[in-house]
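Reader: I have a model open on my screen. How do I read its features, step by step?

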Amino acid sequence: MTLEQFSSDLQQQKYGKALAYFIYIKKEQELEKASGILAEVIAGSEQVTSSLLQQELSEIESQILCERLQTKVDKCLASYANTKARWNVLLKTHSLLQELCEKRPECVERMRNLAMSHEKQGDLHQHSGDLQQAMDCFLAALNVGQYLYQQHPDMDIISRDLSVNFERLAGIFLLMGDAKRGRRYYHNSLDIREELWENDPQPQYARDLGVVMYKLADLYNKDGRMEEAQQYYLNSLYMSQNLQLQYPDDTKCTRDVSVNYNRLGDFYLQNNQLQEAKHFYDEALKIRRSLQESHPDNDDCLRDVCVNHSKLAVVYQRQNEWEQAQKLYMENLDIAQQLHKKYPDNVEFKRDTLVLCKNLGDLHSARDAFSVAEKYFSQALEVCGDLMDIAPKNAYYKDDSARCYSSFGDVLHKQNKIDKAKEYYKKCLDLRVELCDNNADNTGFLKDLAEIYCKLATLYEKEELYAPAIEHYLQQLQCYKDLRRLCTHDDEMARNVVLSHYIVGNLCEMEQRINESLEHCRSCYKAILYMQEHDMPLDEFLQDLLQKLTLLHQTT
């Protein structure tokens with residue numbers, strides 16, 4: 001049968017005849033084309049998937065059909081950004097897979113396909129921002145993976161699957177703010193991958209090991225454990241460099257090295273080590289320019305170059321080299337807009353324009369070019385609205401919107417437009433509260449929530465409205481307490497708790513709320529002692545404050 005006949009049979013609803021061809025395709029290129037044809041038909045009608053699965057097929061034919069629908073066809077539907085059709089396919093094939101596994105639970109391939117089905121559903125829930133449902137799906141995949149591992153402990157492919165199950169769960173727990181379980185599952189994945197690589201140092205195992213290393217580095221970095229984070233970032237880089245030396249003509253291996261250079265650049269940038277950050281960003285850019293020159297028609301290579309331009313622009317901005325930073329941002333914005341116009345359904349290209357508009361807004365805000373900054377922030381918020389219309393539950397898009405509202409409020413605050421600034425800060429606050437409510441204990445979201453409470457408190461304090469200022473500072477303090485609990489090694493969080501008690505205590509004193517003021521002084525004193533007991537550094541201000549509070553403590 002030809003692809004044209006296959007397409008015709010589908011259009012004429014001759015599903016049995018079409019499947020007799022689709023299931024038995026052996027050539028990969030032919031299967032890719034047939035999957036694209038089938039995906040278009042499925043996207044046009046919700047009934048097609050049900051009709052396909054209701055055909056009289058043998059168990060092995062049903063198994064092959066489910067696998068191809070959940071991999072090849074789903075990939076095509078994902079490229080169309082057709083989430084509704086993807087859900088329809090995944091849920092219906094999942095039901096059939098469960099039936100097949102119940103008939104033959106000893107069949108490894110069926111059980112592996114069932115685990116993959118759980119993971120794909122988890123991916124869709126995560127993309128839509130429903131992290132609880134995503135976690136449930138990834139846990140279900142882990143249960144299948146552990147069952148298979150118990151039955152076949154010597155099968156490398158089963159061990160690798162289990163390492164992936166642990167990795168995916170770790171990621172979702174981190175997004176939900178559960179750093180303890182996230183760390184545990186990453187280390188479970190690391191242990192399996194180290195053993196696989198030591199027994200068989202093949203490229204896939206080396207790449208897998210590098211991936212979990214950088215994810216652990218990210219985790220330790222967020223937890224304030226910088227030395228451990230740096231070592232894992234370097235280990236991941238070494239793994240990718242060794243692979244690239246073994247396979248110098250492999251584009252993916254080469255790109256992986258650039259990605260790891262960027263991760264180290266991000267790490268040093270976060271720690272304000274600008275020269276080190278620039279060094280690693282430059283190394284990544286050299287690789288990406290080389291790849292783009294070798295693949296001039298590959299838009300992903302072009303986008304990679306733009307990503308590194310933006311990273312370098314941030315460094316230039318931090319070094320007050322404004323013209324150089326603006327030049328890179330403007331060039332990137334032009335490219336991002338062209339790519340979005342070329343691929344209107346690609347949300348990542350659309351989001352690129354949002355990020356660049358916000359970056360340009362921040363740059364002009366720092367230079368007091370307020371009207372230009374407001375123009376870029378307005379453009380960024382317009383894109384935020386479009387993205388949230390596409391995926392209203394998506395936590396990342398809400399986070400983008402909150403950042404834009406906060407930055408817009410900063411510009412208005414600088415111009416002393418207090419009421420308008422307050423309006424934008426409150427829009428940011430609403431989103432931040434919602435994000436933290438739906439993603440309990442997420443450290444990143446909590447830090448951002450603390451920041452916006454502080455910005456609003458500062459405005460109220462500026463207006464001499466001390467009661468609402470105290471209220472917002474107290475909310476900020478609660479965020480910092482939660483963060484200190486989650487980030488036990490983070491000196492900055494411990495210091496923020498001290499400063500928050502100090503500020504609230506002073507404001508309570510100004511409001512003649514003496515008992516509350518004294519209580520916050522005592523709490524401030526205890527918070528500094530906590531830092532001392534845990535060998536956290538005390539700067540000159542904290543040392544002076546400790547002396548004053550010690551005297552006060554002795555006299556009360």
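Predicted model: local features only at pLDDT ≥ 70, side-chain atom pairs only at ≥ 80, totals over all residues.

Reader: How many residues apart are Asp256 and Lys252 in helix 13?

Author: They are 4 residues apart in helix 13, so about one helical turn separates them.

Reader: Is Asp256 buried or exposed?

Author: Use the cut-off: buried means under 20% relative accessible area. Asp256 has 16% relative accessibility, so it counts as buried. Lys252 is at 46%, so it counts as partly exposed.

Reader: How many salt bridges does the structure hold?

Author: It holds 40 salt bridges. Look at Lys215 and Glu167, whose side chains meet at 2.5 Å, N to O. Lys215 lies in helix 11 (residues 203-222) and Glu167 in helix 9 (residues 156-175), so this pair ties together parts that are 48 residues apart in sequence. Both Lys215 and Glu167 are buried.

Reader: Which residue forms a salt bridge with Asp399?

Author: Arg432 does, and the closest N and O atoms are 2.6 Å apart. This pair links distant parts of the chain: Asp399 is in helix 19 (residues 395-414), Arg432 is in helix 20 (residues 418-438), and they are 33 residues apart. Asp399 is buried, with a relative accessible area of 11%. Arg432 is buried too, at 2%. Now widen the view. Asp399, Arg403, Arg432 and Asp448 are linked in a network of salt bridges.

Reader: What about the nonpolar side chains?

Author: In soluble globular proteins, nonpolar side chains tend to be buried together. Here, the largest nonpolar core has 129 residues. Leu169, Val498 and Ile528 touch the most other members. Helix 21 (residues 443-462) gives the most to this core, with 10 residues. Apart from this core lies another, of 39 residues, including Leu53, Leu65, Cys66 and Leu100.

Reader: Which residues does Val498 touch, not counting those up to four places away in sequence?

Author: Val498 touches Cys524, Ala527, Ile528, Met531, Leu542 and Leu545.

Reader: Which residues make a nonpolar surface patch?

Author: Tyr502, Ile503 and Phe541 make one of about 230 Å². Ile503 sits in helix 23 (residues 491-510). Its relative accessible area is 32%, so Ile503 is partly exposed.

Reader: Now the rings. How many aromatic pairs does the structure hold?

Author: There are 14 aromatic pairs. Check two things for a pair: the centres and the planes. Phe6 and Tyr21 form a tilted pair, 5.3 Å centre to centre, with 50° between the planes. Phe6 is in helix 1 (residues 3-11) and Tyr21 in helix 2 (residues 15-22), 15 residues apart. Phe6 has 1% relative accessibility, so it counts as buried. Tyr21, at 10%, counts as buried. Next, Phe267 and Tyr268 form an edge-to-face pair, 5.3 Å centre to centre, with 70° between the planes. Both Phe267 and Tyr268 are buried.

Reader: Which residues do ring pairs link into a cluster?

Author: Tyr233, Tyr261, Phe267, Tyr268 and Phe280.

Reader: Last, the backbone. Where is Asn272 found?

Author: Asn272 is in the loop between helix 13 (251-270) and helix 14 (274-294). It has a positive phi of about 60°, although it is not a glycine. Asn272 is exposed, with a relative accessible area of 51%. Then go to Glu464, in the loop between helix 21 and helix 22 (466-486). Its phi is near 60°, a positive value in a residue other than glycine. At 57% relative accessibility, Glu464 counts as exposed.

Key. Residues numbered from 1 in each chain as written. Heavy atoms only, no water. Core = buried A, V, L, I, M, F, W, Y, C linked by side-chain atoms within 4.5 Å. Buried < 20%, exposed > 50% of the residue type's maximum accessible area, 1.4 Å probe, protein only. Helix = DSSP H or I, 4+ residues; strand = E, 2+ residues; numbered from the N terminus. Contact = heavy atoms within 4.5 Å. Patch = residues over 30% accessible without salt bridge, like charges linked within 9 Å, V, L, I, M, F, W, Y side chains within 5 Å. Areas by Shrake-Rupley, 256 points an atom, 1.4 Å probe, with all protein chains shown as cover. Salt bridge = Lys/Arg side-chain N within 4 Å of Asp/Glu carboxyl O. Phe/Tyr/Trp six-rings, centres within 6.5 Å; stacked < 30°, edge-to-face > 60°.
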